[in-house]
Structures are given as structure tokens and as C-alpha cells.
Amino acid sequence: MAPDAEALMRSRYSGYVLQLEPYLLSTWHPNTRPTSLGLSADGTRWLGLEIKRTESATPDTAIVEFVARYKVGGRAHRMHETSRFVREGGCWCYVEGDMHAAPRTAEQE
């Protein structure tokens, strides 16, 4: 059991790296949990996680802003998200997240 939302975020990142779909679904809030993630077929190779900030509005709610870097088909990507977490029954759960727009590259301008 994760002691706080940031620890759960780090643990969930490891779950994606190791393709532990049952674990990821079990740490997702039941109101927003998808039925499956399809991790084994996506070919994603995770490269790193950077926690940008963590905030707790109340003892049982928190946000974690992060950037995760990954490759798909040899092409590098980054996912920048602010995730919301709640603690229910003593356990932290991922609720949902807001994706940040990807920075524009010189080629896109």
C-alpha cells in the first residue's frame, strides 16, 4: 500500500514499465477505471519518470504532475500529465489526469 499519492504514481509508472495491467487496474478508482489497458500489444518502451510537483488539497486528495518519457516504434515521446488521486479506506487510488500540450518543435513551426 502506497503511503501517499506520489509513491502510488511512482509505483504505477513501474506497473506500466513491467506491463502489470492487473496491478494498474487495481490502483485505479472504480468510478473511472477502464475495463482493460491493452499493454501487451502497444510496444511502448518506458524511458523515465520525472515528478514535477505534488500537492495535497486535503489529507485524502492530491495531485501529482509528472513527465514520463517513452518510445514507440523507435520514436521518442513524452507524456506530461497532472493526475488526481484520492484516498479511500486508507488506500490511495488514481482517479484521472489532465494531459498537458506537447511543446512544439522547430519542425512544427
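A: The helices (H or I, at least four residues) and strands (E, at least two) are DSSP runs, numbered from the N terminus. The model is a predicted one, in which local features need pLDDT of at least 70 and side-chain atom pairs count only at pLDDT 80 or more, while totals for chains, interfaces and linings use all residues. Residues are numbered from 1 along each chain as its sequence is written, and side-chain values use heavy atoms, with hydrogens and water left out.

A pocket here is an open set of points on a 1 Å grid over the protein atoms alone, where a 1.4 Å probe fits and protein lies on both sides within 12 Å along at least five of seven lines; lining residues have an atom within 4 Å of a point. The second largest pocket holds about 160 Å³ of space, where a volume is the space filled by probe spheres set on the points, and points are joined across faces, edges and corners. The biggest share of the lining comes from α1, which gives four residues. The whole lining is made up of Met9, Arg12, Tyr13, Tyr16, Trp28, Trp46, Phe66, Ala68, Met79, Glu81, Ser83 and Tyr94. Sorted by type, nine of these are nonpolar, one is polar and two are charged. In this sorting Ala, Val, Leu, Ile, Met, Phe, Trp, Tyr, Cys and Pro count as nonpolar, Asp, Glu, Lys and Arg as charged, and the others, Gly among them, as polar.

Two of the lining residues, Trp28 and Tyr94, also form an aromatic pair. Rings of Phe, Tyr and Trp (its six-membered ring) pair if their centres lie within 6.5 Å; planes under 30 degrees apart count as stacked, over 60 as edge-to-face and the rest as tilted. The structure has five such pairs. In the pair of tryptophan 28 and tyrosine 94 the ring centres are 5.0 Å apart and the planes meet at 85°, so the arrangement is edge-to-face. This pair joins distant parts of the chain, since tryptophan 28 sits in the loop between α2 (21–26) and β1 (44–58), tyrosine 94 sits in strand β4 (residues 91–99), and 66 residues separate them. Both tryptophan 28 and tyrosine 94 are buried, where buried means under 20% relative accessible area, exposed over 50%, and partly exposed in between (1.4 Å probe, protein chains only). Elsewhere, Tyr13, Tyr16, Trp46 and Tyr70 make up one aromatic cluster. Tyr13, Tyr16 and Trp46 are also in the lining of the pocket.

Helix α2 contains leucine 24, which is buried because its relative accessible area is 0%. Leaving out residues up to four places away in sequence, leucine 24 touches Arg12, Gly15, Tyr16, Leu37 and Leu39, where contact means heavy atoms within 4.5 Å. Arg12 and Tyr16 are again lining residues.

Serine 26 also lies in helix α2, but counts as partly exposed at 49% relative accessibility. Its side chain reaches the backbone oxygen of tyrosine 23 at 2.8 Å. Serine 26 and cysteine 93 are 67 residues apart in sequence and 8.4 Å apart in space, C-alpha to C-alpha.

Strand β3 carries threonine 82, which counts as buried because its relative accessibility is 10%. The side chain of threonine 82 makes a polar contact with the side chain of histidine 100 at 2.7 Å. A polar contact is a pair of N or O atoms within 3.5 Å; within protein, one must be able to donate a hydrogen and the other to accept it, and residues adjacent in sequence count only if both atoms are side-chain atoms. Not counting residues up to four places away in sequence, threonine 82 touches residues including Arg53, Ile63, Glu96, Asp98 and His100.

Alanine 101 is in the segment after β4 and is exposed, with a relative accessible area of 72%. Between alanine 101 and methionine 79 there are 8.9 Å in space, C-alpha to C-alpha, and they are 22 residues apart in sequence. Met79 is one of the residues that line the pocket.
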